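Trainee: Could we go through this structure together, one question at a time, and settle each answer before moving on?

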Amino acid sequence: MEQNQMINILPRFEEEYPLIENCNGQNNADFVFVVKKIENDKNKTNRNLYLRKLNENGFQILRKEDAHNLYFGIQAREEIFDKYIHHLNNSTRRYNDCIQRTVLKSTRLRIINFILWKTRYSTIDDPNEDLLYASNSLHKLLKDGAFHAVFPLHEEGTHKEEGKLQREWAKWKCLFKKQPIDEIRDYFGERITLYFAWLGWYNTMLIPAAISGVLVFLYGLMYFETNQVSKEICNASEIIMCPLCDQRCQYWRLNETCSYAKVTQLFDHEITVLFAMFMAIWATVFLEVWKRARARAVSFWELYHWDEDEEDLVLGLLYNPNVSPKEYTHSYKRTTVVMLLACVLLTVIISIALGIVICRVIFAVLFTTSSSEFLSDHASTAAVMVGAVLHFLTILIMTKINRRVAILLCNLERPRTSLAQENNFTVKMFTFQFFTMFSSIIYIAFFLGRINGQPSNYVRIARQWRLEECHPSGCMTDLFIQMAVVMILKQILSSCMEYAVPSLKHQWKRYNKKTLKEEVRDEVKHHWMKNYSLSSTDSFSLFNEFLEMAIQYSFTTIFVAAFPLAPLLALVNNLFEIRLDARKMLLLQRRPIPRKAKDIGIWVKILEAIGVLAVIGNGLVIAITSDFIPRLVYRYEYGPCANGRSAVDNCLMGYVNNSLSVFYVKHFENETRLKDNGSESLGFRVKYCRYRDYRTGDDYEYTIQFWHIFAARLGFLVLFENVVISIKFIAAWFVPDVPASVENQNLKQTYERLQKELKMTNGDIPDNQMLNRCRYQSTTV
């Protein structure tokens, strides 16, 4: 048959078909298909075949058009849902004395979306029926351009659910109000609702963490001017420090870094240890409390025993009884390739972090020798900030690369289901992002100033670039600056990218697209066009929100000992984040496909892993990065109060001088020898200088004090890790994941179900007329 003849026998879907009226008496649609008017005949034929198949399956179709596009709105008849709702066996309708009121809109859209993607159409060129299910589908139509977009419609602003969400959820005045979880669930489905519920609990639990962090900061402020260590540094005008770089750097007086020392003591004090322990335990308590809240919610939604794989099988069998389940497979070859490729990318990420370290070294030298007095005086701080900005820029670039590689690796693995694909992608993407975010921070926290050697034998990168040194008051400020810059910039930029960019795009389309200004009187058409002008959504939309929060959660817990204000920043950001996400999903994005869920999935395991890393990270920060242990050893072993000696005004008197070793300048390496011996910059010839370490003055070997501190660091780390891990396990045991009331409710429901089944097996069958009446009411609502 010729192609033109085949087109003529098709139903005329290019003409309007009346839609059945919905419950509020207005003509509308569930989904809209958008078609560009410039297309070939083959696409038009295939599109009409597909629409005819939908019409045969119980969908009514309405056609609209503007100057550039065709719009096909589809609405499903109520009888389509009866078979699915009956077999899904979940809380998809609200019951009141056997009278079912209506199908939840989110469930309605989910079932329609399933049918749309499963619908196959036949053509004259299909000699083999098996090929029909392999090729002729909505996916092929979108790929070929027969359809430009497919999306569900937002409800009108006057609709009960959306109207309430816009009034009580998306408004800025609702910043401190409780979220309408039930309405969110009715509109967006359980998966998105659980994200907002989790984010709400996260904000609630951040309140005590933020208060504790502020108290730690205020404690440091109380002793900002009177701290013994910073006072000694500020008064050390006679202590000459070794140059910070080769040849071009000069000797410098220790008191030149007085401000830097004072800032360091804001966070590096005894209370920080207690705060780190509190935050490690807080991470466990937060997850346990969330698990309880989740259990209550899903039990109320009657999803406690719901299984996604089982529901997918039910939907597939209802649509096609002959469909075979997709079996589990595992390939060691593909897994090995995926692991190797992932290791290659992680190596690249670590190499980039090493490159940032080199840039910091170069900028430190440039700033030290700068003609600007301000830059030369604050060269170290400026280099740290430049390194932080460079780190942030690499994050922006690597995020795109990480996403592409994670998708590639997931495709190589060939996961069985879409859920398995999402989980695999989530693990890989989070791992790549975690290394991208924290590789440079890990270097500053645990390696900066500890592997750089000493003046007669510096460690160099490629035998050229000398590694940085820590400030005499410690490396905590470097870590604080790095975390503060990255966290603040990331949160600000993320908010701008998430909301400002879609908002500007939407405004641009509204004022520049003529199609949105045509025939405003047609309210249905205007509503469809308005939805089409919104930003598109996909399965990654919610993933991006979770990933952002998981990275923030890592900043808030893992290195919080160096940045006690991180919980406060996270709380302030998240208060706006909820409203930004709400406004974005309601006003700036097309309506996402609702999905059922009973938890937040793989993200729980990721958050649990972050909780374990929080214990390890904070323990290492206090034991290695902080000067808490060296000060403790000096106080009780080497200071004026050691071995029970009579107390003085402060047991840390002399600590700074004790923590600096002596180096004779005649022993400098050739690469380090300076043009100025101190006569020009200081007014006298320097014979020896000081540097941060515990070494002897003759052969520059480690002193016994160094090994005492090393043993104390190791002992504290083991003690801290074991104590906090034990408390975490006790807290997890003490707070059950599921409340007893939820367990009893599920037990009661199971008991009642078994009782009914037992009565039916004994012949006590319920009144058939009553069952028929309920069934009739459910199909006629």
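Mentor: Let us begin with a term that we shall need: a disulfide is a pair of cysteine sulfur atoms within 2.5 Å. Please keep in mind throughout that the model is predicted.

Trainee: How many disulfides does the structure hold?

Mentor: One of them joins Cys-234 to Cys-258, with an S to S distance of 1.8 Å, and another joins Cys-242 to Cys-689 at 1.9 Å. Cys-641 and Cys-651 also form a disulfide, their sulfur atoms being 2.1 Å apart. The number of disulfides in the structure is three.

Trainee: Is the link of Cys-242 and Cys-689 right-handed or left-handed?

Mentor: A disulfide joins these two cysteines, Cys-242 and Cys-689, and both of them are buried. The angle about their S-S bond is 85°, and the link is right-handed.

Trainee: How many residues apart in sequence are the parts that the pair Cys-242 and Cys-689 ties together?

Mentor: Cys-242 lies in the loop between β7 (240-241) and β8 (252-253), whereas Cys-689 lies in strand β14 (residues 688-692). The pair therefore ties together parts whose separation in sequence is 447 residues.

Trainee: Is the disulfide of Cys-641 and Cys-651 right-handed or left-handed?

Mentor: Both cysteines count as buried, because buried means under 20% relative accessible area, and Cys-641 has 13% while Cys-651 has 18%. The torsion about their S-S bond is about -80°, so the disulfide is left-handed.

Trainee: Turning to the open sheet of four strands, which are its edge strands?

Mentor: The order of the strands is β2-β3-β1-β6, with antiparallel pairing. An edge strand here pairs on one side only, and the two strands that do so are β2 (59-65) and β6 (149-152).

Trainee: Which residue in β3 is the bridge partner of Leu-62?

Mentor: Strand β3 covers residues 69-76, and β2 pairs with β3 in the antiparallel sense over seven bridges. For Leu-62, the bridge partner in β3 is Gly-73.

Trainee: Which helix gives the most to the nonpolar patch?

Mentor: The patch, a nonpolar surface area of about 470 Å², is made by Val-389, Leu-393, Leu-396, Ile-397, Ile-401 and Leu-489. Leu-393, for example, has its place in helix α16, and this residue is partly exposed, with a relative accessible area of 41%. With five residues in the patch, the helix that gives the most is α16 (residues 379-413).

Notes. Residues are numbered from 1 along each chain as its sequence is written. This is a predicted model: local features need pLDDT of at least 70, side-chain atom pairs count only at pLDDT 80 or more; totals for chains, interfaces and linings use all residues. Side-chain values use heavy atoms; hydrogens and water are left out. Patches are made of residues with over 30% relative accessible area and no salt bridge: like charges are joined within 9 Å, nonpolar side chains (Val, Leu, Ile, Met, Phe, Trp, Tyr) within 5 Å. Accessible areas come from the Shrake-Rupley method with a 1.4 Å probe; for residues, only the protein chains shown count as cover. A salt bridge is a side-chain nitrogen of Lys or Arg within 4 Å of a carboxyl oxygen of Asp or Glu. Buried means under 20% relative accessible area, exposed over 50%, partly exposed in between (1.4 Å probe, protein chains only). Two strands pair if DSSP finds at least two bridges between them.
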